Amino acid sequence: MSSAREQAWRDEREAKVIPITKRRGVPAARPVEEPPSDAPQAHAATRATAPEGGVAESVAQAVGNALSGPLGGVAGRLLGNGWEQRAANGLAFLRRRLTGDYEIDEFGFDQELTEQVFLSLMRPLADKYFRVEVHGAEHLPAKSGALVVANHSGVLPLDALMTQVAIHDHAGRHLRMLAADLVFVLPGAGELARKAGHTLACNEDAQRLLENGEIVGVWPEGFKGIGKPFADRYKLQRFGRGGFVSSALRAGVPIVPCSIVGAEEIYPMIGNAKTLARLLGLPYVPITPTFPWLGPLGALPLPTKWVISFGEPIPTDAYPPEAADDPMLMFNLTDQVRETIQHTLYRMLVQRRSVFF
């Protein structure tokens with residue numbers, strides 16, 4: 001081995017970076033040099049030009065460029081004033097969704113998704129289709145917890161969704177509903193319910209939410225309420241064993257009775273296909289004047305006029321914690337809430353001019 005080759009061999013062995021492959025005529029790879037500490041501007045420019053959101057940034061930039069070009073004038077004519085801010089908010093929301101830059105609580109509640117998507121989709125139904133009129137929103141606490149107890153009706157639980165919109169728009173609070181087991185069994189429904197802030201109807205979850213200062217909604221009639229015949233409209237069904245009262249007592253929060261008029265007539269239930277319901281594992285399969293006779297059109301609810309009224313709160317903080325284990329007290333409070341809602345329904349029905357106006 002010549003002296004020149006021996007020296008090259010020694011240099012290569014003693015080098016800090018040894019090339020993995022080395023081809024003839026190709027220089028060995030050199031380690032990347034760190035920028036000097038006295039060059040902060042060059043380092044900052046590298047961070048600014050690096051893509052932070054990947055696909056999200058690319059999509060947002062592409063949409064932004066399109067709206068700032070020829071499409072901007074068209075968007076202005078179609079969407080009206082302020083469309084730029086709405087578009088910017090939408091792009092920011094899209095970016096956060098794609099990058100995972102959003103928060104959920106321990107129950108899976110996604111506040112941003114609920115406000116930007118769920119409530120935005122339901123609000124036209126409440127404001128334009130059912131023309132929901134809200135009374136007594138001042139009875140809902142501004143910050144502390146409360147248990148809202150309402151009558152249930154209408155074949156599909158649209159009354160619960162409209163109550164959620166009413167509480168958000170008129171009291172500035174989010175309603176955390178206690179849903180039946182079936183909701184979390186249906187494909188996709190359980191995940192959407194969690195994202196919208198709802199949870200399984202059990203005392204443990206209800207008490208935790210109430211103690212955290214949330215407004216919790218419960219419909220004690222359950223399937224007996226939304227699946228009752230049209231002839232029994234606005235006649236409250238049994239309220240169960242009063243588990244909701246127990247949760248309110250343990251948390252020391254008030255119970256707010258809620259009466260809903262208008263939901264009973266959206267799907268007048270004149271029959272129940274019980275055999276089909278058993279085969280499908282459903283509590284009922286409704287037969288209405290339009291369903292199933294009109295096919296998919298028969299699934300559209302009738303545009304009735306709704307009124308949602310929140311009554312005066314029933315306080316529970318005067319009772320000791322052990323009062324939640326007193327069955328007689330549970331029965332009396334449950335009956336008080338039920339009677340309050342029933343009498344309010346009768347009064348609202350007397351004052352109602354028409355089912356649709």
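Arg131 sits in the loop between helix H6 (111-129) and strand S1. In this predicted model, Arg131 has a positive phi of about 50°, although the residue is not a glycine. Arg131 counts as partly exposed because its relative accessible area is 25%, which falls between the 20% and 50% cut-offs.

Val155 also has a positive phi without being a glycine, with a value near 70°. Look for Val155 in the loop between strand S2 (146-150) and helix H7 (158-171). Its relative accessible area is 7%, so Val155 is buried.

Rolling a probe the size of a water molecule over the atoms shows where empty space is left. The count comes to one cavity of 30 Å³ or more. The largest cavity holds about 40 Å³ of space. Val155 is in its lining, along with Gly154, Ile226, Lys228, Pro229, Phe230, Glu264, Tyr267 and Met269. By class, that lining has six nonpolar residues, one polar and two charged.

Now turn to an open space. The second largest pocket has a volume of about 270 Å³. Its lining residues include Glu133, His135, Lys305, Arg347, Arg352 and Phe357. Strand S1 (133-135), strand S9 (307-310) and helix H14 (327-351) each give two or more residues to this lining. H14 supplies the largest share, three residues. The lining of this pocket divides into four nonpolar, three polar and five charged residues.

Past S1, the loop between S1 and S2 holds Leu140. Leu140 is buried, as its relative accessible area is 7%. The C-alpha atoms of Leu140 and Arg173 are 8.8 Å apart, while 33 residues separate the two along the chain.

Next come the charged pairs. Side chains of opposite charge can pair when their charged atoms come close. The count here is 13 salt bridges. In one of them, Arg96 pairs with Glu112, and the closest N and O atoms are 2.4 Å apart. Arg96 belongs to helix H5 (residues 83-99) and Glu112 to helix H6, so this pair ties together parts 16 residues apart in sequence. Arg96 is partly exposed, at 25% relative accessibility. Glu112 is buried, at 18%. Glu112 also meets Arg97 in a salt bridge, with 3.2 Å from N to O. Arg97 is in H5 and Glu112 in H6, so this link joins parts 15 residues apart in sequence.

A further salt bridge connects Arg250 and Asp325, at 2.7 Å from N to O. Arg250 is in helix H12 (residues 243-251) and Asp325 is in the loop between S9 and H14, so the pair ties together parts 75 residues apart in sequence. Arg250 is partly exposed at 36% relative accessibility, whereas Asp325 is exposed at 53%.

Leu276, Leu279, Leu280 and Leu282 form it, with about 400 Å² of accessible area together. Leu279 is placed in helix H13 (residues 274-280). At 71% relative accessibility, Leu279 counts as exposed, because the cut-off for that class is over 50%.

One backbone feature remains. Phe291 and Pro292 are joined by a cis peptide bond, with omega about 5°. Pro292 lies in the loop between strand S8 (286-287) and S9.

Conventions. Residues are numbered from 1 along each chain as its sequence is written. This is a predicted model: local features need pLDDT of at least 70, side-chain atom pairs count only at pLDDT 80 or more; totals for chains, interfaces and linings use all residues. Side-chain values use heavy atoms; hydrogens and water are left out. Patches are made of residues with over 30% relative accessible area and no salt bridge: like charges are joined within 9 Å, nonpolar side chains (Val, Leu, Ile, Met, Phe, Trp, Tyr) within 5 Å. Accessible areas come from the Shrake-Rupley method with a 1.4 Å probe; for residues, only the protein chains shown count as cover. A salt bridge is a side-chain nitrogen of Lys or Arg within 4 Å of a carboxyl oxygen of Asp or Glu. Helices (H or I, at least four residues) and strands (E, at least two) are DSSP runs, numbered from the N terminus. Buried means under 20% relative accessible area, exposed over 50%, partly exposed in between (1.4 Å probe, protein chains only). On a 1 Å grid over the protein atoms alone, a cavity is a set of points where a 1.4 Å probe fits but cannot get out, and a pocket is an open set with protein on both sides within 12 Å along at least five of seven lines; lining residues have an atom within 4 Å of a point. Grid points are joined across faces, edges and corners, and a volume is the space filled by probe spheres set on the points. Ala, Val, Leu, Ile, Met, Phe, Trp, Tyr, Cys and Pro count as nonpolar, Asp, Glu, Lys and Arg as charged, and the others, Gly among them, as polar.
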